[in-house]
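The exercises below concern a predicted model. Each task is followed by a solution in steps.

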Amino acid sequence: MMIIPKASKLDSKQIKEIEKIVSEFDCNILEIQGHNQCVYAILGDETHALMFKRIAGLSYIRKVDAIESPYKLMDRRSALSDHQVQVGISTVGKDSPFIIGGPCTIDPNEPSLYIDTAHALKEAGVNALRGGVWKPRTNPYSYQGDNKAIEIIIQAREETGLPIDVEVMDSEQLTIAMEAQVDILQVGTRNALNYSLLKEIGKLSAGTGSGVLLKRGRHVASPNEFIAAAEYLVAEGNPNVMLCPRGTTPALDGYRNHPDESITPLLKNRTWAPVIVDPSHSVGHAEYVLACSLSAIAYGADGLCIESHIDPARGIGDDPKQAITPKRMKELIASCREIWAHRYQVKD
Ligand code: PEP
Ligand code: MN
């Protein structure tokens with residue numbers, strides 16, 4: 001059950017009054033801070049008709065929603081349906097594709113490669129910078145990341161003014177990222193169903209304005225499983241969730257994964273959350289990234305998360321294989337905008 005107050009948020013006296021009512025039914029109230037409006041979720045066995053009636057009767061309540069859904073907060077019909085995710089100065093998916101770009105992995109020994117890439121990507125027109133500080137590597141002997149790299153991406157944010165996206169895999173990394181006020185916390189495909197981590201991220205980032213980019217689990221997960229994972233974040237108080245299809249396994253022969261940008265309309269039909277497709281991990285080769293990006297925008301994606309490096313051959317992690325140059329990024333953004341505009345013409 002969700003409550004929307006008449007004002008932009010409930011005052012403490014009103015919260016106490018509702019707490020008293022819901023506690024009689026063994027339920028709790030949770031504040032979910034949207035950009036302009038707070039909504040409140042009633043958690044627990046919240047289907048009591050009497051509780052519904054008593055809350056709906058309060059003079060300061062605009063609406064009480066009781067929708068039947070496995071993901072009642074992420075559901076398109078929920079009180080959050082007009083919630084818009086704000087990252088830095090951008091409202092994700094509003095006027096043009098929201099583009100996150102940057103290397104797979106920040107090389108802590110070559111900070112200038114990252115900083116120069118960041119400047120070139122700003123010039124190319126990206127809306128946010130990505131960069132792996134800690135890396136989930138299949139091979140335990142591959143480069144695993146370095147706390148030092150967080151300083152480099154912070155410097156890039158300071159110099160470019162662009163918001164930053166960093167993947168976190170555990171509580172310690174989450175604490176460091178939160179201290180750095182990372183604008184987008186990324187949850188990778190390997191942790192996409194790590195419900196304890198999702199809960200912790202949702203709880204610690206609630207009310208901070210941070211976004212969360214949730215990748216799709218790499219096995220072939222149904223749209224509902226994907227959306228339900230995002231529900232964990234929102235149910236802990238952070239509604240700034242973006243869903244990120246990034247290809248599934250088994251891979252299509254020749255690609256790194258099985259491209260899955262076609263899941264986008266199914267997600268957008270069921271949930272209000274923006275969809276940001278990651279073509280880089282999907283196809284896994286720089287030469288196919290453009291086609292996958294255009295396809296994603298045609299399918300209705302709100303944006304893209306693309307690996308890009310000023311000199312891919314000198315990059316680490318996935319960069320030598322799948323990063324595109326900032327020059328290609330600029331061309332890609334221009335082409336995506338054309339499809340985006342066409343999409344709206346078709347709709348009107
Ligand atoms: C990444 O973004 O570099 C990454 C590791 O992605 P994924 O979790 O999708 O593999
Ligand atoms: Mn990568």
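**Exercise 1.** Determine whether D26 is buried or exposed, and describe its backbone setting.

*Solution.* Step 1: D26 has 10 other C-beta atoms within 10 Å. Step 2: the limit for an exposed residue is 12 or fewer, so D26 is exposed. Step 3: D26 lies in the loop joining α1 (12-23) to β2 (28-33). Step 4: its phi is near 60°, a positive value in a residue other than glycine.

**Exercise 2.** Classify I276 and list its contacts beyond four places in sequence.

*Solution.* Step 1: I276 is part of strand β13 (residues 276-277). Step 2: the cut-off for burial is 20 or more other C-beta atoms within 10 Å; I276 has 32 and is therefore buried. Step 3: its contacts, with neighbours within four places left aside, are F98, I100, L213, M242, C244, A301, D302, G303, L304 and C305.

**Exercise 3.** Describe the residues around ligand 1 by class.

*Solution.* Step 1: the surrounding residues are C104, G132, P136, E167, G188, T189, R190, K215, R246, D278 and H281. Step 2: sorted by class, this shell around ligand 1 contains two nonpolar, four polar and five charged residues.

Technical notes
Residues numbered from 1 in each chain as written. Chains lettered and ligands numbered in written order. Predicted model: local features only at pLDDT ≥ 70, side-chain atom pairs only at ≥ 80, totals over all residues. Helix = DSSP H or I, 4+ residues; strand = E, 2+ residues; numbered from the N terminus. Contact = placed C-beta atoms within 7 Å. Near = placed C-beta within 6 Å. Nonpolar A, V, L, I, M, F, W, Y, C, P; charged D, E, K, R; others polar.
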